[in-house]
Amino acid sequence: MPHTHDDAVDPALGGPEGPPARATGAARTVDEGRATPPPGSDQSPYAMSDDDVRRADERAATAAAAGWPSTTAVLPYPAEPVAPPSPPDKDELLERLLGRASLALDATRRNRLIGWAWTLAITVFAGILRFWNLGSPHSLVFDETYYVKDGWALVTRGYEADWGEDPNPGFESGDDSMLGTRPEYFVHPQVGKWLIGLGMKVGGGMESSFSWRLAVALFGTLSVLLMVRIARRLFASNAWGAVAGGLLAVDGLAIVMSRTSLLDPFLMFFALAAFGALLLDREQARRRLAERTANVLAAGGDLGWGPSLGMRWWRVAAAVLLGLAIGTKWSGLYFLAVFGLLTVMWDATARRTVGVRRWAVGALVKDALVAGVVMVGTAFVVYVATWWSWFTHPQSWGRNWAAEHPGEGLTWLPGPLRSLADFHVQMWNFHKGLDTPHTYEAHPLGWIVQWRPTSFYWGDVANLTGAEAQDACGTDHCAQAILAVGNPILWWAGAAAILVAIFWLIRYRDWVAGAVLSGLLAGWVPWFFFASRTIFDFYAIAFTPWVVLTLVYVLTLIVGPPTLPDRARRGAIIGVGVFLGIVVAVGVYFYPIWAGWVVPYDFWHQHIWMRQWV
């Protein structure tokens, strides 16, 4: 019967292929001068390394020179059995979970100082762009007519009160005598309006247009600070953190929305701050996981579902911030949903990385359920708490609905909460039915390329002629406009970067790609389901930071990691530097249109790069 691979017998062991081979000293012989495992090799104590094989070949050559048969070779002594690997320690697990670059980011005092130096420098630069001549124009711009007056009513009356007919001229002159005591219907929660009102209180009162915009300018500037710190940690680099902060600093939509008192800049700030808190939670949780896993393995224990990670205070902080985001505009709910899933996915992959076999079940039981209760519960409590002034002022719109409608609504709730629930139904019905045509309404598909930006302001200086026009702008025809358009180069490149990031996420499962896309998923995608409503391009401010982060992520791919030789990266670094210079130059060029300067009409017209911008 012919031999198969399983039943073949080594001739050196006296099989049917020939007589036992001769051996001298410590040598054994095998066929063809190569060491082959004996029968049952999967249970053999022999373990041959490359050095063993090399020495066997050398001895085979010696044997051939001595006149031994050509079918034989010399085998070294069998090596010692290989010891089982020791379990990974805390440092090894940390490197797996966070990576060397992240661990080195704050490892030295010099690195930390450089990080903060860049952060503060870029924040100051952003503050100059946002606070410079903030009070111009001294007119209520776009929807400031609602939110500035509501903010002043809140800090004056404690609730949104009626302003009567045509109150804007009197308000702009510093006269609030038209503010009545009757409640005013409103359709957005109160956090953003309270912040606007408090800014007016500390910034000079209602007669100061600077004070109208103080709060949004402050929060817009702080958003740039957050961006530097978040990008620094996300990309494990001081340089890329500075790039991300600089890009947000010179983006036109971010600048306009930091100089106009609407609610959306506050929504963006709270969502971005929550994202940063979850990044810190990710790092802290992985450090705990590494330490606790190493302890279990060192003690010879079984990981099971993996260790519990204890109280996650940064996750609680994120939930508080998301509650404030929802308390500004309801679209903060989408950030709560997406970020909640994101943080649980981070936990699941962490458990898999440290070797937890049932990592999915462990993440569900030990992470997801707890995260759901903590994040949703905390955000809900914070959101309800933001209505404190509505609860404490019986004059507020709808506050007494339960007393006036006994037996109606959610009767199992206490009266004040039952009134609040009905008011929410009213607000939902308003938003659901909002389809009044508007000149600047824009489909969300066009937001990402700034197809139809919103014109916030067109000043009366356009009517000046002769000497008055010459005095105002140096020509016979002037313009004063505020166009809420993003930096075109940044947004067009960002749109392309989104496609690259999606590919990288699917192809390489890069967690950073998922992180930078998460804000787009929360802040942009849901609006496609409400495209029939009257919606505007400036809503994109809520996800603008993630457009910047996605663009920077792709720039990091172009440049490559710092472990590459400088020569290999030099061309990419120069190209990226030129691109960033163009973005900054375009920002300088457009700034007068973002900041509402009085300029020659032709100068303004040169900035209208696309017909649909006006």
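Student: What makes the 146 residues a nonpolar core?

Tutor: In this predicted model, a nonpolar core is a set of buried residues of nonpolar kinds, joined through side-chain atoms within 4.5 Å. The largest such set has 146 residues, and Phe235, Phe456, Phe543 and Trp546 touch the most other members. Helix 11 (residues 264-298) gives the largest share of this core, 13 residues.

Student: Why is this core said to lie between domain 1 and domain 2?

Tutor: Domain 1 (268-390) and domain 2 (393-433) each supply residues to this core, so it lies between them.

Student: Which residues are in contact with Phe543, leaving aside its neighbours within four places in sequence?

Tutor: They are Trp447, Ile448, Trp491, Gly519, Leu520, Gly523 and Trp524. Contact here requires heavy atoms within 4.5 Å.

Student: How do you know that Cys473 and Cys478 form a disulfide?

Tutor: The cut-off is a pair of cysteine sulfur atoms within 2.5 Å. For Cys473 and Cys478 the S to S distance is 2.0 Å, so the pair counts as a disulfide. A search of the whole structure finds one disulfide, and both of these cysteines are buried.

Student: Why is the disulfide called left-handed?

Tutor: The torsion about the S-S bond of Cys473 and Cys478 is about -80°, so the disulfide is left-handed.

Student: What makes helix 22 mostly covered?

Tutor: Buried means under 20% relative accessible area, and 14 of the 16 residues of helix 22 are buried. Helix 22 (residues 544-559) reaches 23 Å from its first C-alpha to its last, close to the 22 Å expected. Just after helix 22, Gly560 has a positive phi of about 90°.

Note on methods
Residues are numbered from 1 along each chain as its sequence is written. This is a predicted model: local features need pLDDT of at least 70, side-chain atom pairs count only at pLDDT 80 or more; totals for chains, interfaces and linings use all residues. Side-chain values use heavy atoms; hydrogens and water are left out. Buried means under 20% relative accessible area, exposed over 50%, partly exposed in between (1.4 Å probe, protein chains only). Helices (H or I, at least four residues) and strands (E, at least two) are DSSP runs, numbered from the N terminus. The expected span of a helix is 1.5 Å times one less than its number of residues. Domain bounds come from an automatic or database domain assignment.
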